[in-house]
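Dear colleague,

Here is the structure I promised to pass on.

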Amino acid sequence: MRYAMAIEVNKCVGCADCVVACQTENNVPHGYSRDWIVEIARGEYPDLYMHFESQRCNHCDDTPCVRTCPTGASHIIEGGIVKVTHDECIGCGACIEACPYDARYFHPEGYVDKCTFCDHRVADGLDPACVSVCPTTCMHFGDLDDPDSEISKLIRTRENYTLIPEAGTNPQIFYLK
Amino acid sequence: MEEKLLVTAREIHGLYPHVHIWGFPIATYLFLGGLAAGILLFATIYYIKGKEDEMPFTVKIAPLFTFIFIMIGLLLLVYDLHHKLYVWQLFTTFRIESPMSWGAWTLVGVSIFSLLWPLSYIDDIEEYLHERGWKRLDWITKFIRTLEHKCKIFRFIVLFFRKHRKKFAYILLFLSIILGIYTGILLSAFNAHPLWNNSILGPLFLTSGVSTGSAFVMWLSNNKKERTRMSVIDMALIATELFFIIHMIMGMQAGPEAFQQAAHLFLGGEFTVIFWVFFVGFGLVLPFILEAMELKGFHIPPALPAILVLIGGFLFRMIMVYAGQMSEYPL
Amino acid sequence: MSKLNRRDFIKISGTASAGMVMTPPLTSIWKTIFSDEEKPLLENEAKKVPTVCEVCFWNCAGWTYLDKEGNIKKIIGNDIDPHSNGRLCPRGTGGLGMYYDEDRLKKPLIRVKREDGKSEFREAEWDEALDLVATKMKEIEKKYGKESMALLFHGKTGPHFEHLFKAWGSDTMGEPAGAQCLITREAGFIATYGAGLASPEPTDVRNTDCLVLIGNHIGENMHNGHVQEVSALIDKGGTIITVDPRFSTMAAHSTKWLPIKPSTDLALLLAWMNVIINEGLYDKDYVEQYTYGFEQLKDHVQKYTPEWAESITTIPAGDIYETARLMGGASPRVIIHPGRHTAWYGDDTQRTRAIAILNAILGSWGREGGFYFPEKVKLPKEAHPPFPKPKWTWKDISRDKHKLAIMGITNELIDHALPEYKGPYKIKGMFITATNPLQSIPSQDTIRRALDNQDFVVVVDTMPAEITGYADVVLPEATYLERLDHLRTAHHRQPNIALRYPAVEPKYDTKPGWWIAREIGIRLGLHDYYEWEDFEEVLDWQLKQVGSSMEEMKKVGVKYFPRKTPMYLKPGEEYWFNTNTGKIELYSTDFEEWGYDPLPVYKDHGENPPGFLRLIYGRLPMHTFGRTLNNPNLFDLKHDPHLWVHPKVARIYGLENGQEVWLKNPKGKVSSFPIKVRVTERIRHDSVFMPHGFGNKGRIWVDGKKLEMHRAYGRGILDSEMIYNIEIDPVTGGTGLRNNFVTILTENPHKKEAKS
């Protein structure tokens, strides 16, 4: 089992529904967010290009955050989902420094918090909250180890890229052009 | 024109506008850790080489301070934790890949030994304090003596340590090397920050730590010979540091864009002046010149180059902690 | 030897640490003492109450999720709802922030004069406030007649007060959704097809082959169903042509973007017709069977060549030909989208007429992949005596001047409330609910003078907006999550109804709109119009009449009914359009009679005044104008609006990204607050862009304490504040707002004033 996400940037309108859905689903405190939207624009008027990226923890295959965690609070569960056990976290910030994507932050309670791929929903066979609300259906979630899953097919057939591959983390969120 | 911008508000403290989780406490902690490692390295090596009496301050007195430094460092570290109540979780596991975990365990070891080490030199410490004219601190030695007198277990531990001091010296030497390396590689383990993510940073921190250790001895030793010997060693260390720094920046310049941007922080960016003038100029080159002049017979107050090196070492860690967090891969 | 990868390695070291026996019990003990972490609400633990979203007019149906303690945790779309298809937009998802907002109006407020002559509010009980409203309404009746009490409203709460006003005997009402938004488009389509579009627009986007968007920012406006269908169109590889002076989100996702010079859209539309007609790309059978005036149209558009249009629109003639051929090739599965906020330049009905005509010659009206014929459920109205006939209504105010003023024209109601108005249709009292005229209707100074001239102003709302400060009585309304409203019966492909049911009791001392309206009605002696105690009785009765029940609706949220008429025209089918000729009027006989151009004629709208930039305002997908800015969840998404400026403009003014600037219009009006600059190529060099609805400055004092939307207050610039030139559309009375210009100030102009 290898959970991953594929996001079609040719459809995303950057509405941030994924961000607010995550907030209400996961009780993310106000002023914080586990996911966010980035706009990328290139060119000169009128020869322009623009797309949005919904970004979050990449649930990397090679996890600098888990590696640097001194207590084992940051860990990997079934399907490659990177999680933080809040009651083992001492709030040292090592994982925040280690993450090239700024995906982790200190929860006001002190522990480190981040995207969980909504593992509580995934366990029930549901999509993560962000994927399930997206009005443009530009987000897809599934198992990469299953060659017949929608996400496997999308990644096989569509040109795609990942974020900051040069950081060597092998991210598992794929952006489809 | 190319734009990359955050559409949704994400003004999270510590992340916005760039990662800023670590600051003064961590930099100080790294500085004190490096300093302690440097002092203990010299103390144990000279002890093992049997030069206890030639280098009295280095071997017998200086380790007393390391315990204090490490305690301050640990307090700062705990202060900097955001989930303090759970700090004990550090000691429920050992994570072989986590520098923080290495550090936590090493510090426990080092702190125990750096406490026991001076306890076994209580007479020498008393003498040193008197020589320095720090009679007000007599209560420390008096307290320890009373404790030794009244508490059997304490006496037993101290005696046991004195008896096996040589064996413990080897253990402490090993621990201090780990501590020195750890304070160096702690930052370079975070490859999300191109500035930290290079193989020279570790050796550079280690060298700098040892250099501050030698400076500390130069500053507070009452023994002229000891000071001179340390001064020579320190000059070699400073030269090595300068070599590493040039090498590191050239390496980053030759790297991919994110690394070039990291180097730019020191080459025209916001850390240029503080790095080259205050750290390299006043913290490395100037003390090097002063030490060289003193060797040539000029009269230089021994504390001056030493303090410059110490301030430089602290500044270096501050710069690296702050600049490193500003060096990021683009969104 | 098998290779151990990093993940396995971590797993092993993880097991090793778990092996330390002490850890788990100690951790769990520690946790129970020190942690009060909130766990996510699981699907099977949630209580779900049906709702219909009120954050925008799209009114998606969804479910309010409550935890065991009865707290609202989230709102999720109803899977069978055709407006949302189970996926709410960010505003709908964040709608619960409206309920939790701590700045809400919490108690009825009554204006009092302080000793120093300044006025402020005091908190009051409902009985006192309602008695006062009824007394004052009766006073206005006695002094001027019931008709002089006007109702300005918006949203689902509106109908409760419409009922109150009609029962009482006043039909002096209007909503900004008309003159400030879509009235011109409705009129353009009514004049052509004899039918308007209403909401949601019956565009068959998901089945089309070619979608043309003119100044229509799907994706920036989150008209949910349309956003979803456009996304499906992208999947399908359909053609999307976007006409916009700005490189909008949709422009970026389009097959073809035509960067048009602002205010010249009609020239492009006419040139398209020219190509489509002259190259024979139109739907000949359709045009012959269903339309009237094709020959006149053909003659009329001959002078509007693409080459002519190039000189006006700055779009290369080649692109005009190319896009016209794309549309012709897709005919009839093509939609030139009518847009929504179409009050732009003062000749907007003519422009939307051109859109309607273009659709007609391509044969898209009543065709699959074009415009479908929508159908809605007709609910029986509860029995009550007939409404009394007012002596005059909003129609008397507007219909003489504007033949297709099909809704109350808010700005004309305002004009009739000014002290200088001496005619027979004087407005002396205002009842304002769920709209903030100071933001939604242009010309703030006029509105302020009108409000000051009123004998009595009541505001019913959930939040303290600018308008609250002008009220004599403020009645705090419960949010949509706490109240029952009329069933949603919007027309769609499949007729359906949707229920909004209160998920929780009203927070604070707030009350649902139906209750407020009824209580005032009773006090006005309108018992006969309120023969029920609880609005739920009315809905239950209505539902039973159509074969459903409250009980059923609470379980399903949305219920479908069979269609009675076909969704598309059958090939060659006889069809009677509701126009004078019974055909689609390419040439409008009504317009001819009324003295308007029967065929759209291009008019020049002038150039920028020297030194000024055109002000283009628009939407952010996560906000519905000013009403959501203080919503804590949506505020989290976006609270710093940006002024888009082209790099050339930035060079001239010396602007940097993130710098705060102020705006000034040619009349010398300076914005109250600054806005941050975004230097971007996505905007033309002769224009600036900013989102509408920011720059909130509502603030009232209640018993000496400040009450305001503390998050939203003072953030960004309100475009309504800068708009000085309102070009009235003669056909409808719609307010053209896009011929407005501003210049950029880099120094704080208010500081200078304070000094001098």
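I start with a hairpin in chain C. Strand β24 (residues 699–702) and strand β25 (residues 705–708) of chain C pair in the antiparallel sense over four bridges. Strands are DSSP runs of E with at least two residues, helices are runs of H or I with at least four, and both are numbered from the N terminus. Two strands count as paired if DSSP finds at least two bridges between them. W701(C) has K706(C) in β25(C) as its bridge partner. Two residues lie between β24(C) and β25(C) in the hairpin, and D703(C) in the turn has a positive phi of about 45 degrees.

Before the rest, please note that this is a predicted model: local features need pLDDT of at least 70 and side-chain atom pairs count only at pLDDT 80 or more, while totals for chains, interfaces and linings use all residues. Residues are numbered from 1 along each chain as its sequence is written, and chains are lettered from A and ligands numbered from 1 in the order in which they are written.

Chain C is divided into domain 1 (45–100), domain 2 (109–179 + 409–560), domain 3 (196–374 + 569–587) and domain 4 (613–755); the bounds come from an automatic or database domain assignment. The centres of domain 1 and domain 3 of chain C, taken over C-alpha atoms, are 34 Å apart. Their contact takes eleven residues from domain 1 of chain C and seven residues from domain 3 of chain C. Two residues are in contact if their C-beta atoms, placed from the backbone, lie within 7 Å. On the domain 1 side there are six nonpolar, three polar and two charged residues. Here Ala, Val, Leu, Ile, Met, Phe, Trp, Tyr, Cys and Pro count as nonpolar, Asp, Glu, Lys and Arg as charged, and the others, Gly among them, as polar.

The C-alpha trace of chain B spans about 75 × 55 × 35 Å along its principal axes.

Chains A and B also touch: 38 residues of chain B are in contact with 44 residues of chain A. On the chain B side, β1(B) gives the most, with five residues. That side divides into 22 nonpolar, ten polar and six charged residues. Strand β2 (residues 36–44) of chain A runs antiparallel to β1(B), joined by five bridges. Within this pairing, E39(A) stands opposite L5(B).

Some backbone details remain. The peptide bond from Y16(B) to P17(B) is cis, and P17(B) lies in the loop between β1 (2–6) and α1 (24–48) of chain B. The bond from S331(C) to P332(C) is also cis, with omega near 0 degrees.

F117(A) is not a glycine, yet its phi is positive, about 55 degrees. F117(A) is buried, with 27 other C-beta atoms within 10 Å. A residue is buried if 20 or more other C-beta atoms lie within 10 Å of its own, exposed if 12 or fewer, and partly exposed in between, with C-beta atoms placed from the backbone.

Regards
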